[in-house]
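Try each task before you read its solution.

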Amino acid sequence: MNYDLHTHSTASDGSLEPAELLRLAGECDIDVLAITDHDTLAAYESLDVAGSTPQLVPGIELSTSWRGIGIHVVGLNVDPGNPTLCHGVEVQRRNRIRRAALIADRLAKKGIPDSLAAVSDSSGSDYIGRPNFAAFLVAAGYAKNMREAFRKFLGPGKAGDVRHVWPELDEVVRWIVAAGGIAVLAHPAKYRLTRTKLRSLAGDFRAAGGQAIEVVCGAQSDSTTASLAALANDIGLHASCGSDFHNPDFRWSRPGRFPALPDDVQPVWRLW
Ligand code: AMP
Ligand code: MN
Ligand code: MN
Ligand code: MN
């Protein structure tokens, strides 16, 4: 069975409608797909979860903050109608609106006015995020492409990097657990933490009720996979895998395009 347990649709910053993403995943030989949009479950409003092919595992990717660092937690096999989780999604929607205003203020101080109006027009009702600002910065000529927009204005340490709006790690884990889901620490290698700090994060995450970690997320080196598998086994976390797919134009990220999980980990799907 082929699992891809981390993907994005137009409900957040992906480019494919949920049904198109499901179809592409089928073409890519995925048997079990989780659509895990940033801080929203809106993709599941338009899908028949019980009757879909590939099989759908309802999911979400929640933004949180740990020691002031922006961390993402994927919730898998959640009940999309659970009141606690839906409340959490509403909290995040407001956090995103509040954050967008803060990002726009900071960009204005850098000499880039009027971004909030442009971004509010282009974003959906449930998701407003840095990719919307990046698209505005490119369209308005402040950056050559999305990458440069993040490098100059939105990435770590830059004006648009506003993280303090996000709830603490244990709160988002609580929402996922309340919805009957499994909390998964997303793309641990992407935070660029030292080994010691990553171990502290994984330990705090497990103490908060987290049960799994992405041992594989998208293209990554064999040594990264091996060290994350060792971390999962040391801390006592199950292992998840996903592409973090956003857009078919990015050739390197297709549904299912990532290395296999090592044999010596406990796959997260054993938990459901
Ligand atoms: P947000 O959820 O608003 O914090 O936006 C984060 C999203 O921006 C991530 O999920 C990525 O999809 C995207 N992103 C982050 N860094 C980059 C980058 N360097 N280039 C393009 N997109 C990026
Ligand atoms: Mn994204
Ligand atoms: Mn993420
Ligand atoms: Mn993601």
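Predicted model: local features only at pLDDT ≥ 70, side-chain atom pairs only at ≥ 80, totals over all residues.

**Exercise 1.** Find which protein atoms are donors of the manganese ion (ligand 2), and how they are spaced in sequence.

*Solution.* Start at the ion: its protein donors are Asp13 through OD, and His38 and His246 through NE2. These atoms lie 2.1 to 2.2 Å from the manganese ion. Next, go to the sequence, where the donor residues follow the spacing D-x24-H-x207-H. Then place the two histidines: His38 sits in the loop between strand E2 (32-35) and strand E3 (55-56), while His246 belongs to the segment after strand E8 (238-242). The pair is 208 residues apart and links distant parts of the chain. Finally, look for the manganese ion (ligand 3), which is 5.8 Å from ligand 2.

**Exercise 2.** Decide whether His38 and His246 are buried or exposed.

*Solution.* The cut-off for buried is under 20% relative accessible area. His38 has 8%, so His38 is buried. His246 has 18%, so His246 is buried too.

**Exercise 3.** Work out the strand order of the open sheet and which strands stand at the edges.

*Solution.* Trace the five strands in the order E4-E5-E6-E7-E8; their pairing is mixed. Strand E4 (59-66) and E8 each have a single partner strand, so one side of each lacks a neighbour in the sheet, and these two stand at the edges. From one strand to the next, the twist averages 40°. Now zoom in on E4 and strand E5 (residues 69-76): they run antiparallel and are joined by eight bridges. In one of these pairings, Ile60 has Gly75 in E5 as its bridge partner.

Technical notes
Residues numbered from 1 in each chain as written. Chains lettered and ligands numbered in written order. Heavy atoms only, no water. Donors = N, O, S within 2.8 Å, 3.2 Å for Na, K, Ca; no water. Helix = DSSP H or I, 4+ residues; strand = E, 2+ residues; numbered from the N terminus. Buried < 20%, exposed > 50% of the residue type's maximum accessible area, 1.4 Å probe, protein only. Pairing = 2+ DSSP bridges. Axes fitted to C-alpha atoms, helices over the stretch in contact; angles between N-to-C directions.
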